[in-house]
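Subject: Structure handover

Hello,

Here is the structure I promised.

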Amino acid sequence: MLKAISYLRKIKPDLIHLNSTCLFAFSIAAKILRIPVICHVREPIRPGLAGWPLRFFSKFSVNGFIGISKFDLASLGVIPKKCNSKVIYNFVEKFKIKKTFEPGLFRKKLGIADNDVVFLYLARFSKSNGWMQLIAMAEKVVEDYPQAKFVLAGATEDIHFNHSKNNIFIVPFEKEIDDYLIGSDIFVCPFVLPHFARGIIEAAAFSLPSLGNNIDGVNELINDNVTGFLYKNKSDFYEKAVRLIKNKDLRNKLGEKAYIKAQTDFNIYNNLKETYAFYDEVVEI
């Protein structure tokens, strides 16, 4: 904190935007120097004593909070009246209408036919992201509907590839994901812990409907029965996955609505304008 005070005295900023609640030492230093601070809440803060320091010191010293989801922002607890708060979702820069593109090259590499229905998982293989639960749910789907293919992109360890099986493909983590989004039919988000799911907003920008677990964070990004489906258990997942497999028109309709939502809620230009407007509000405090 003392180093932060020294640093801030040198550069004399008009406003500080912290990209994490973990940086509260800078917000305390800024409060001492009477510099307004905005803090981005990018993850849900742990409940109880584990998250107490972040909640207490952030609320004590920050002038305004931007949450990337309602759930993340609510994890701060009661925000003092002097502190503004706003939800501004993360954004995407690329928008593509899927119907204008040929099937992805990855289909040819994996031997997936053009008329097969591809469910895409796009996230790291961590317990909180529910990739093993997805495999367990997908097994019944691909057994009953062989035209369904599940592609899980995000493997980083050799042990992950051992989970490949009939019509369930495990592929490495990729930084360039356009080909996967272009060549897939449905995005699937099996997260088991509440969190913002960037894959959903990227999929929406490529006109993909999403099938996601009905938990906080995920259920803010998917409008159930509008831009995709939310499921609550294994049988519900199966029923909604089958509906999507059987009905191409339904997939296209949900995908079009997802694209519209992405242009509105996840648009870089709209969200930057909201961010800059929030700067003006806080600076006036």
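The notes below cover helix packing, then a pocket and a cavity.

This is a predicted model, in which local features need pLDDT of at least 70, side-chain atom pairs count only at pLDDT 80 or more, and totals for chains, interfaces and linings use all residues. Residues are numbered from 1 along each chain as its sequence is written, and side-chain values use heavy atoms, with hydrogens and water left out.

Helix packing

Helices (H or I, at least four residues) and strands (E, at least two) are DSSP runs, numbered from the N terminus. Axes are lines fitted to C-alpha atoms, for helices over the stretch in contact, and angles run from 0 to 180 degrees between N-to-C directions.

Start with H2 (residues 24–33) and H3 (residues 52–61). They pack at about 25°, with axes 9 Å apart. H2 is therefore roughly parallel to H3 (angles under 35 degrees; 65 to 115 is roughly perpendicular). In H2, Phe24, Ser27, Ile28 and Lys31 meet residues of H3 that include Pro53, Leu54 and Phe57. Contact means heavy atoms within 4.5 Å. This contact has 6 nonpolar, 3 polar and 1 charged residues. Ala, Val, Leu, Ile, Met, Phe, Trp, Tyr, Cys and Pro count as nonpolar, Asp, Glu, Lys and Arg as charged, and the others, Gly among them, as polar.

Next come H11 (residues 234–246) and H12 (residues 248–265). Their angle is about 100°, and their axes lie 5 Å apart. That makes H11 roughly perpendicular to H12. Arg243, Leu244, Ile245 and Lys246 of H11 make the contact with Lys248, Leu250, Arg251 and Leu254 of H12. The residues of this contact are 4 nonpolar and 4 charged, with no polar ones.

On a 1 Å grid over the protein atoms alone, a cavity is a set of points where a 1.4 Å probe fits but cannot get out, and a pocket is an open set with protein on both sides within 12 Å along at least five of seven lines; lining residues have an atom within 4 Å of a point. A volume is the space filled by probe spheres set on the points, which are joined across faces, edges and corners.

The second largest pocket holds about 470 Å³. It has 20 lining residues; closest to its centre are Leu122, Ala123, Arg124, Arg198 and Gly199. H9 gives the most to this lining, with 3 residues.

There is 1 cavity of 30 Å³ or more. The largest cavity has a volume of about 40 Å³. Its lining includes Ile200, Ala204, Ala258 and Lys261. H9 and H12 each give two or more residues to that lining.

Best wishes

Notes: Parallel < 35°, antiparallel > 145°, perpendicular 65-115°, else oblique.
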